[in-house]
Amino acid sequence: MPVIVFAVIALTMPFWFPLVGGYAGLDTKILIWAIFAIGFDILLGFTGYLSFGHAAFFGVSAYVTGLMLLHYSANIIPAMIASVIVTTIIAVMVGFLTLRRSGIYFSILTLAFGEMFYAAALSIFSDWTGGDNGLTGLPTPELFSMPFKENNVFYLVAVLAIIGYYIARRIGNSPFGMMLRAVKSNQTRLEFTGLDVKKYKLSAFVISAIYASVAGSLMVIYEPYVATEFVHWSTSGKLVIMSVLGGVGTLFGPMIGAAFMLYFENVISAFLQEQWLLVLGLVFMFIVIFLPGGFVEGAQRLKRAIAGKAGDGNASKGASE
Amino acid sequence: MSNGAYFSCRNINAYYGESYIVQNVSFDIAEKEIVALLGRNGAGKTSTLRTIARAHEPSLKSGEIYLDGVALHEMRTYQAAQHGVQLVPEDRRIIPGITVEENLILAQTEGKPGWPLERIYQSFPRLAERRRQEATTMSGGEQQMLAVARALARDLKLLLLDEPYEGLAPVIVHEIEAILREVKKLGITTIIVEQNALAALKLADTAIILDTGEVVFRGTAQEVLDNKELRDQYLAI
């Protein structure tokens, strides 16, 4: 059911989004970030591992897609496949090294790895990445000679977001998802039960990196340009903020967080001008202090309050009768 | 090399950081034997159990542990568990956030499974009633039942029980005692650590007494019950 609701919301975005001040293209960007955020929630929400290095997977994937489009073929299929393969290999290596630690040490390690990729993109790989200028001059992406622009890109992104959400929910409800939640609660307990927790943690890490990779690749297909900002730690930070705003571990919440943040950044900022970041900071503080479960928790509380009121109303009606 | 005993630990030395906790402990256990590991607080009983279960702490620095001819001392925690060592720790280690049944399924995910769920529910009808309930919301006694049931859900060769009666109401203690008598009837090789030495001795065939991390006595459970001097010296009961 939630997948159908999401599918309807996503696929009808071009019709209703302009009514709330959105514009064509922003809907595509929101769904790309939604894919990124769902994947991140498989790691953070399920296992509790907070990565500050996911920009590396997003960025590397974007560069690989860009380079494939530029040097191999404008067809998006080989570009996307190559970017997912490269990102997966990197994620296995980074995950293997960083998942040896947990908590703050894991976060710092992933941040350090992310910054290494950023530094490498600006230095040793600058001939490939375009350094500070980013990767420019990319051809219009195609799918078997059909140019990929605006609406086509939107529907490709929407379909992949729906599939991504469906898979993430399936993972969440599977024995594997149960194992990941158990990893979050206590790894030692799992080991005493005879489970090798490392492979579950690494699988979650790699799956979330694959989502980041698909999102990074789609970002280049949407806008054929790779900015160095894609690999910068601030991209990882933005992802963390989206997840916390929406509700970590809920899958749907981080997508709402992504939509809220991009909407704020691109629509509300027109009214608030330079102050929009300040207001966003205040919203973030409010959420962390009063609604640690994010927007999803807010919606649940509201639902309970309404149900409670309705219940009271019925009870008093019953009493008066 | 294994010395032919079903379970054997030889000259095991284990540390918590710099603290030398398990000091040169050696003992053998026959198949189906139930051993009560006794001693005062701080004698190293729980640490010995954790060392056998290959917990990260205390860390085993030297010595050998064999179960059914296989070297446990070369294994990691999950590998020892997959080989049939099941530790039911003092805090029961029920996994929060998931149901009773999910806790049991999880135990059967890797390695050889033990009892099927139907058999577990027949033996523990209270768990069957609560199969859909989040496990950590159950009472202490029910959680203890689940911890034992979870051990049985795996291919179990050596059951390590750490303070199974700790913090439980007397009525629940009787229930757990009944379960452990069932475990005894099943012939599962068991090491039990218990502050309540009398309760442990009622169940056990053999008693091993530890003092400051070393074995100071090994004999039958009855010998300890009959020897007041020994009990006064090492157990204060």
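**Entry: a strand with two partners**

I began with β6(B) and β7(B), which run parallel and are joined by 4 bridges. Helices and strands here are DSSP runs (H or I of at least four residues for helices, E of at least two for strands), numbered from the N terminus. I count two strands as paired if DSSP finds at least two bridges between them. The model is a predicted one: local features need pLDDT of at least 70 and side-chain atom pairs pLDDT 80 or more, while totals for chains, interfaces and linings use all residues. Residues are numbered from 1 along each chain as its sequence is written, and chains are lettered from A and ligands numbered from 1 in the order in which they are written.

Leu87(B) has Leu160(B) of β7(B) as its bridge partner. I then followed β7(B) to strand β8 (residues 190–193) of chain B; these two run parallel as well, with 4 bridges. There, Leu160(B) stands opposite Ile191(B).

Is β7(B) enclosed or open? It is largely enclosed by the rest of the structure, because 5 of the 5 residues of this strand (residues 158–162) are buried. Buried means 20 or more other C-beta atoms within 10 Å of a residue's own, exposed means 12 or fewer, and partly exposed lies in between, with C-beta atoms placed from the backbone. In a regular strand the side chains alternate between the two faces of the sheet. On one side of β7(B) I found Leu158(B), Leu160(B) and Asp162(B), and on the other Leu159(B) and Leu161(B), all buried.

**Entry: the six-stranded sheet**

Next I looked up the sheet in chain B with the order β6-β7-β8-β3-β9-β10, which is open, has 6 strands and shows mixed pairing. Its edge strands are β6 (85–88) and β10 (214–220), each pairing on one side only. From one strand to the next the twist averages 20 degrees.

Strand β9 (residues 206–211) of chain B pairs with β10(B) in the antiparallel sense over 6 bridges. Thr206(B) stands opposite Thr220(B) there. Helix α10 (residues 228–235) of chain B packs on this sheet and touches β3 (34–38), β9 and β10 of chain B; its direction makes about 150 degrees with that of β10(B). Contact means that the C-beta atoms of two residues, placed from the backbone, lie within 7 Å. Angles run from 0 to 180 degrees between N-to-C directions, and axes are lines fitted to C-alpha atoms, for helices over the stretch in contact.

**Entry: the four-stranded sheet**

Chain B also has an open sheet of 4 strands, antiparallel, in the order β2-β1-β4-β5. I noted β2 and β5 (70–71) as the edge strands, each pairing on one side only. Helix α1 (residues 45–52) of chain B packs on this sheet, touching β1, β2 and β4 of chain B, with its direction at about 70 degrees to that of β2(B).

β1(B) is joined to strand β2 (residues 19–29) of chain B by 7 bridges. Phe7(B) stands opposite Ile29(B) in that pair, and Ile12(B) has Val25(B) as its bridge partner. In the hairpin of these strands, with 2 residues between them, Gly17(B) takes a positive phi near 60 degrees. β1(B) also pairs with strand β4 (residues 59–67) of chain B, antiparallel over 7 bridges, and Ser8(B) stands opposite Tyr66(B) there.

**Entry: Arg10(B)**

I picked out Arg10(B) in strand β1 (residues 7–16) of chain B. Why is Arg10(B) called partly exposed? Arg10(B) is so called because 18 other C-beta atoms lie within 10 Å. Leaving out residues up to four places away in sequence, Arg10(B) touches Ser26(B), Gly63(B) and Glu64(B). The C-alpha atoms of Arg10(B) and Glu64(B) are separated by 5.2 Å, although these residues are 54 residues apart along the chain.

**Entry: a helix pair in chain A**

The axes of helix α3 (residues 26–47) and helix α13 (residues 252–272) of chain A come within 8 Å and cross at roughly 140 degrees. Among the residues making this contact are Trp33(A) and Ala34(A) of α3(A) and Met255(A) and Ala258(A) of α13(A).

**Entry: where the chains meet**

Last, I checked the contact of the chains, which takes 20 residues from chain B and 14 residues from chain A. On the chain B side, α2 (77–82) and α3 (100–107) each supply at least two residues.
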